[in-house]
Amino acid sequence: QVQLVESGGGLVQAGGSLRVSCEASGRTFSAYAMGWFRQAPGKEREFVAAINRRGDSTEYADSVKGRFTISRDNAKKSVYLQMNTLKPEDTAVYYCAARSTPASGSVYTDPIRYNYWGQGTQVTVSS
């Protein structure tokens, strides 16, 4: 079992940057592939970025590619999402998710593949 707690959300102007973090507690963090998802009001939860257990393979949604960077620090049991050149359409609640997997190189983009979720952190981008 792993518990996930996101932090770092807030209000930022369009064009600005923000970094959200997700800290895990419980079992060995390096046993989990990690992902970031977001949900805007009235919309379904959507994939943002994902990273494998080792931290050397990543995937991004087309809408954030080139602007967002996912990273992880297994020693700190944390995963991060650096968001640059933010747009109003990035406004959403951002969730981190964890999937226990023996496949150290695998990255998962489908939310149904994840076992654990954080409570979310609000990111609001003003125009």
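1. In this predicted model, Asp-90 and Arg-38 form a salt bridge, with 2.9 Å between the closest N and O atoms. Asp-90 belongs to the loop between S8 and S9 while Arg-38 belongs to strand S4, so the pair ties together parts that are 52 residues apart in sequence.

2. Glu-46 is partly exposed, at 34% relative accessibility.

3. The structure holds 5 salt bridges. Among them is the one in which the side chains of Asp-62 and Lys-65 meet, at 3.2 Å from N to O. Asp-62 is exposed, its relative accessible area being 68%, whereas Lys-65 is partly exposed at 49%. Shared partners join Arg-38, Glu-46, Arg-67 and Asp-90 into one network of salt bridges.

4. How many disulfides does a search of the whole structure find? The search finds 1 disulfide, and this bond joins Cys-22 to Cys-96 with an S to S distance of 1.9 Å. Cys-22 is located in strand S3 and Cys-96 in strand S9, so the link ties together parts that are 74 residues apart in sequence. The torsion about the S-S bond is about 40°, so the disulfide is right-handed. Cys-22 is buried at 0% relative accessibility, and Cys-96 is likewise buried at 0%.

5. The largest nonpolar core comprises 37 residues. The residues with the most contacts inside this core are Met-34, Trp-36, Val-79, Leu-81, Met-83 and Tyr-94. At least two core residues come from each of the strands S1, S3, S4, S5, S7, S8, S9 and S11.

6. Which residues does Leu-81 contact, leaving aside its neighbours within four places in sequence? The contacts of Leu-81 are with Leu-18, Arg-19, Val-20, Trp-36, Val-48, Ala-49, Phe-68, Thr-69, Ile-70 and Tyr-94. Of these partners, Trp-36 and Tyr-94 are also named with Leu-81 among the residues that have the most contacts inside the core.

7. Thr-121 is placed in strand S11. Is this residue buried or exposed? Thr-121 is buried, because its relative accessible area is 11% and the limit for that class is 20%. A polar atom of the Thr-121 side chain lies 3.2 Å from the backbone nitrogen of Gly-9. Neighbours within four places in sequence aside, Thr-121 is in contact with Glu-6, Ser-7, Gly-8, Gly-9, Val-20, Ala-92, Val-93 and Tyr-94.

8. Ser-71 is part of strand S7 and is partly exposed, with a relative accessible area of 31%. Not counting residues up to four places away in sequence, Ser-71 touches Ile-51, Val-79 and Tyr-80. The C-alpha atoms of Ser-71 and Ala-49 are separated by 9.6 Å, and the two residues are 22 residues apart along the chain.

Key
Residues numbered from 1 in each chain as written. Predicted model: local features only at pLDDT ≥ 70, side-chain atom pairs only at ≥ 80, totals over all residues. Heavy atoms only, no water. Core = buried A, V, L, I, M, F, W, Y, C linked by side-chain atoms within 4.5 Å. Buried < 20%, exposed > 50% of the residue type's maximum accessible area, 1.4 Å probe, protein only. Helix = DSSP H or I, 4+ residues; strand = E, 2+ residues; numbered from the N terminus. Contact = heavy atoms within 4.5 Å. Polar contact = N/O pair within 3.5 Å; in protein donor to acceptor, adjacent residues only side chain to side chain. Salt bridge = Lys/Arg side-chain N within 4 Å of Asp/Glu carboxyl O. Disulfide = S-S within 2.5 Å.
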